[in-house]
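Subject: Structure handover

Hi,

Here is the structure I said I would pass on to you. Have a look at it first, and then read on for what turned up.

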Amino acid sequence: MFKLIKLEFKKGNVIKYIRNSTVMTVVLLLFLIATAGSAGADTTSMGLYERSIINAAVELYNNMAYIVFTGIMLASFIVEEYEKGTISLMFSYPIKRQKIMLSKIFAVWIFNVAALILSKLFIYAILSALSSSIGISAEDIPFDSLMFWLDMLLSTVVMISIAYIGLPIGLKTKSSKATVVAAVLIACFSHGNIMGYTLLGNVYYYALLVILAVLFIFLSIYDIETKDVI
Amino acid sequence: MSYILQTNNLTKTIGGKKLVSNVDLHIKKGEIYGFLGLNGAGKTTVMKMITNLWKPTNGKVEVFGKTLTPQSYEVLKRMGSIIEFPKFYEHMTGYENLKLHCEYMGYYNHGSIENALDMLDLTNAAAKPVKNYSLGMKERLGIARAILCKPELLILDEPTNGLDPAGMKQIRDLLKTLCTEYGITIMISSHILSEIEGIANTVGVIHHGMMMKEISMKEIEQMSLAYIELSVLNSKKAAYVLSEKLGLTNFKIIEDGQIRIYDNHVSPQELSKMLVLNDVEIIAFGKKAETLEDYFLKMTAEVKNV
């Protein structure tokens with residue numbers, strides 16, 4: 001499986017995605033620096049603990065951006081293979097089809113979880129270093145709190161996982177555009193605020209979405225061995 | 001007789017429409033099998049089932065003596081294929097695409113990629129991204145990929161699409177070499193009969209999703225109405241020589257000066273010698289036979305008329 005994942009990275013031109021995610025992280029950082037002053041010292045209960053506003057903002061924008069980024073990668077690594085017909089080539093190899101699909105799914109997941117963690121760490125480190133000059137307190141980013149780390153890791157894993165809800169839509173329609181649009185909608189629904197009502201921070205809701213994502217992945221590949229490649 | 005590939009009552013139905021019905025085909029080890037049919041006859045459908053991309057609705061495919069199942073992955077290691085137009089990762093170079101193929105096939109043999117590129121005249125284009133390749137180059141790269149891992153069985157679905165006549169000849173010569181020198185069994189589909197005629201040992205004709213006939217090229221030659229056509233100045237004199245001197249009975253004067261000889265126990269050498277000795281002036285002399293195209297058209301026309 002490890003070798004298959006490596007081949008997916010090679011085939012999918014992972015360097016391009018490293019470059020793009022770096023650019024995206026820098027843009028997010030600049031945006032957060034620009035808005036950090038207005039964050040103040042309030043707290044919000046969006047995560048596993050009482051996040052400071054700047055902490056919540058870093059999580060919010062990064063998570064939303066990477067849900068969409070994951071959707072883009074899913075479109076390119078998986079759905080495009082169906083769109084362009086290269087999946088026929090992949091399924092002509094002496095490898096179980098489920099294994100091929102799982103290698104793609106894991107490749108995108110591993111990349112995005114790692115990229116999102118690195119992106120958050122980078123942004124937190126810079127914001128912390130600049131804290132006094134951008135009007136936030138050093139305690140707003142509590143590096144010494146175990147809950148801070150747990151919250152960041154868990155929200156990363158959850159957010160990247162729920163981006164997979166859009167995958168079956170892309171596979172069904174054989175459209176990478178549909179996959180990306182689905183990811184944008186997931187990002188909005190999971191973080192948006194409609195008439196003051198939001199699901200942001202609702203742990204049960206996120207758990208349900210993760211279960212749904214796993215179920216959708218299972219449904220996408222469980223009978224793939226016996227399906228015709230059309 | 002044992003076959004390297006055979007199908008038994010192979011049937012595929014999609015959305016209530018029967019694409020192919022009860023196809024039985026038999027391919028012997030080491031032969032080139034031409035799979036003939038008009039566009040839409042069902043050639044690609046059969047080939048997709050042989051390469052396990054599609055699963056049969058009924059019937060079975062037997063490859064290397066084993067019935068193909070959805071889990072027959074190991075069989076794919078021994079097969080090379082092009083189904084429809086070959087697909088590539090276009091942003092990667094030709095070389096990278098072939099290297100990737102070796103990795104997925106688990107085939108590591110130093111120099112094999114260079115060798116395959118060289119065989120298809122693609123060495124100079126190896127470092128170019130495939131998106132910059134012409135249609136013919138992509139087709140040739142597809143063939144290079146199909147033969148790259150030294151398969152025992154090659155399944156080629158219209159592999160000369162998009163090639164110019166010189167390219168088509170090159171592929172025909174290459175396939176002959178692969179078959180005779182490397183012992184690779186080849187199944188090649190086409191709707192261009194002349195493309196198959198020169199290389200196939202056996203042909204299978206599919207029409208409207210049904211297998212019409214499997215026949216060896218030798219049998220076609222024997223069955224076909226072969227005759228010698230003569231153009232002479234004096235047909236009466238020539239007819240006298242044919243009947244009295246050579247004892248032939250089965251010949252026909254088509255028009256003045258033109259004679260067709262259907263007797264097959266006289267050799268062209270004997271015939272020309274006797275005519276010259278009897279002062280019959282020969283203008284033209286040729287042996288003619290029914291082509292594969294004649295045979296194919298006759299067969300598909302019969303179906304139409306049924």
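Let's start in chain A: how are α5(A) and α7(A) oriented to each other? One thing to keep in mind throughout is that this is a predicted model.

The axes of α5(A) (residues 97–129) and α7(A) (residues 146–162) come within 10 Å of each other and cross at roughly 140 degrees. An angle has to be over 145 degrees to count as roughly antiparallel, so this pair of helices is oblique. As for handedness, α5(A) passes α7(A) in a right-handed crossing.

If you want to find the contact on screen, look on the α5(A) side for Trp109(A), Asn112(A), Val113(A), Leu116(A), Ile117(A) and Lys120(A). Their partners in α7(A) are Met152(A), Thr156(A), Val157(A) and Ile160(A). Sorted by class, that contact has seven nonpolar residues, two polar and one charged.

Another helix pair in chain A is α3(A) (residues 53–84) with α9(A) (residues 176–191): these pack at an angle of about 160 degrees, and their axes are 8 Å apart. That angle makes α3(A) roughly antiparallel to α9(A). Here too the crossing is right-handed, with α3(A) passing α9(A). By class, the α3(A)–α9(A) contact has 14 nonpolar, seven polar and two charged residues.

Now for the interface. On the chain B side, 19 residues are in contact with 18 residues of chain A. Two elements of chain B give two or more residues each to that side, namely α2 (73–77) and α3 (94–105).

Last, the confidence numbers, in case you plan to work from the coordinates. The model scores ipTM 0.79 and pTM 0.78. Chain B has a mean pLDDT of 84, with 92% of its residues at 70 or more. Among the elements of chain B, α3(B) has the highest mean pLDDT, at 93, while helix α11 (residues 292–305) of chain B has the lowest, at 64.

Cheers

Key: Residues numbered from 1 in each chain as written. Chains lettered and ligands numbered in written order. Predicted model: local features only at pLDDT ≥ 70, side-chain atom pairs only at ≥ 80, totals over all residues. Contact = placed C-beta atoms within 7 Å. Helix = DSSP H or I, 4+ residues; strand = E, 2+ residues; numbered from the N terminus. pLDDT = per-residue confidence, 0-100. Axes fitted to C-alpha atoms, helices over the stretch in contact; angles between N-to-C directions. Parallel < 35°, antiparallel > 145°, perpendicular 65-115°, else oblique. Left-handed = near helix turned anticlockwise from the far one by under 90°. Nonpolar A, V, L, I, M, F, W, Y, C, P; charged D, E, K, R; others polar.
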